Amino acid sequence: MQYALFYAEGPDALPYVPADDNVGEWVDEVVARGVSEYGERLRPGHDATTVRVRGGEVLVVDGPFSEAKEAIGGFDVVDVRDLDEAIEIASKHPVAAFGRVEIRPFVQWPGAEPGARIVPEGFAERAPQGRRYLMLVVVDPTGERSDADGAADATDDDPEAWVREMDGRGVRQFGEVLRPPSDATFVRRRNDEVLVTDGGFAEAKEWVAGFDLLDVQDLAEAIEVAAKHPMARGGAIELRPTWPFDVHGDQVARAESEADAWARRHEPAASEALEGVSR
């Protein structure tokens, strides 16, 4: 079974200690076991861009869709025997020691080809053509869709039409719908004890219903792609740039060198990027 693993601090997070970060060992293990399909670290929450369409107008803001502390810091897609193996793998990730790991199963579509992969074979070795963004598709139960957001084209109410267009353009690399937060499991490790709880981490009303990995020219193109997704009307789309790093490198030195990245936004301002969409 395939699962998405999302990494976050959570409200009960402990201090992150770079010297204890053994992410390289974790990656080596999941690769050796043949369960890893793909994973990425994401830039901090202040480098997120949230896209909504309301009244036919594209609205963008700097930052994530939710102010909750549980902002996602990275993800992996794994293919394992069952939930028990997913929990075991998640519990060994360094984030589980100070934050928590959310395990989310993917929707199993009727008639889907048995053994079909979420991530294309060999994708982990494929170099980006532009800039990669994780596009989080967010449900907002309080969101309202006006008549002005109605079907302007075929992609407005048909996610499959959006997928076909973005696959045809070559900007969508892969993606899938997730089962709801009620089917989530989150994992922490405290004092060598593995703690497992049902339900997703965020207590906010919004929740991530799926994701797609984009490979685009810049933030302006990512916004344009996100604004066409049906969930932008009544929901929200969060764009998070990926943040590659050497998992086998010196994590203490990396943390010191990245201090500036945690202090301020490095992405273009969302309003400026939106101007590039309209031109």
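This is a predicted model: local features need pLDDT of at least 70, side-chain atom pairs count only at pLDDT 80 or more; totals for chains, interfaces and linings use all residues.
Q: What makes helices α4 and α5 roughly antiparallel to each other?
A: The axes of α4 (residues 159–169) and α5 (residues 219–227) cross at roughly 155°. Angles over 145 degrees count as roughly antiparallel, and therefore α4 and α5 are described that way. Their axes come within 11 Å.

Q: Which residues make the contact of α4 with α5?
A: From α4 come Trp162, Met166 and Arg169, and from α5 come Glu221, Glu224 and Val225. By class, three of these residues are nonpolar, none is polar and three are charged.

Q: Why are α1 and α2 called roughly antiparallel?
A: Helix α1 (residues 23–32) and helix α2 (residues 83–92) have axes that cross at roughly 155°. The cut-off for roughly antiparallel is over 145 degrees, so the term applies to α1 and α2. The two axes come within 10 Å.

Q: Which residues of α1 and α2 meet?
A: Trp26, Glu29 and Val30 of α1 meet Glu88, Ile89 and Lys92 of α2. The contact of α1 with α2 divides into three nonpolar, no polar and three charged residues.

Q: How many aromatic pairs are there?
A: The count comes to nine aromatic pairs, for rings whose centres lie within 6.5 Å.

Q: Why is the pair of Phe6 and Phe211 called edge-to-face?
A: The ring planes of Phe6 and Phe211 stand at 80°, and their centres are 6.0 Å apart. Planes over 60 degrees apart count as edge-to-face, so this pair is edge-to-face. The pair links distant parts of the chain, with Phe6 in strand β1 (residues 2–8) and Phe211 in strand β11 (residues 207–216), 205 residues apart.

Q: How do you know whether Phe6 and Phe211 are buried or exposed?
A: Buried means under 20% relative accessible area. Phe6 has 1% relative accessibility and therefore counts as buried. Phe211, at 0%, also counts as buried.

Q: What makes the pair of Tyr38 and Phe174 edge-to-face?
A: Their planes are at 80° and their ring centres 5.8 Å apart. With over 60 degrees as the cut-off, the pair of Tyr38 and Phe174 is therefore edge-to-face. Tyr38 lies in strand β2 (residues 36–41) and Phe174 in strand β8 (residues 172–177), so the pair ties together parts that are 136 residues apart in sequence.

Q: Why do Tyr38 and Phe174 count as buried?
A: Tyr38 is at 5% relative accessibility and Phe174 is at 2%. The limit for buried is under 20%, so Tyr38 and Phe174 count as buried.

Q: Which residues do ring pairs link into a cluster?
A: The cluster holds Phe6, Tyr38, Phe75, Phe106, Phe123, Phe174 and Phe211.

Q: Where does Arg41 lie, and where does Arg100 lie?
A: Arg41 lies over the face of Trp243, at 3.8 Å from the ring centre. Arg100 lies over the face of Phe186, at 4.4 Å from the ring centre.

Q: Why does Thr185 count as buried?
A: Thr185, found in strand β9 (residues 185–190), has 3% relative accessibility. Under 20% is buried, so Thr185 counts as buried.

Q: Which residues does Thr185 touch, not counting residues up to four places away in sequence?
A: Among them are Leu83, Ile87, Val101, Glu102 and Ile103. Thr185 and Arg104 are 81 residues apart in sequence, while their C-alpha atoms are 6.8 Å apart in space.

Note on methods
Residues are numbered from 1 along each chain as its sequence is written. Side-chain values use heavy atoms; hydrogens and water are left out. Axes are lines fitted to C-alpha atoms, for helices over the stretch in contact, and angles run from 0 to 180 degrees between N-to-C directions. Helices (H or I, at least four residues) and strands (E, at least two) are DSSP runs, numbered from the N terminus. Angles under 35 degrees count as roughly parallel, over 145 as roughly antiparallel, 65 to 115 as roughly perpendicular and the rest as oblique. Contact means heavy atoms within 4.5 Å. Ala, Val, Leu, Ile, Met, Phe, Trp, Tyr, Cys and Pro count as nonpolar, Asp, Glu, Lys and Arg as charged, and the others, Gly among them, as polar. Rings of Phe, Tyr and Trp (its six-membered ring) pair if their centres lie within 6.5 Å; planes under 30 degrees apart count as stacked, over 60 as edge-to-face and the rest as tilted. Buried means under 20% relative accessible area, exposed over 50%, partly exposed in between (1.4 Å probe, protein chains only). A charge sits over a ring if NZ of Lys or CZ of Arg is within 6 Å of the ring centre and within 35 degrees of the ring normal.
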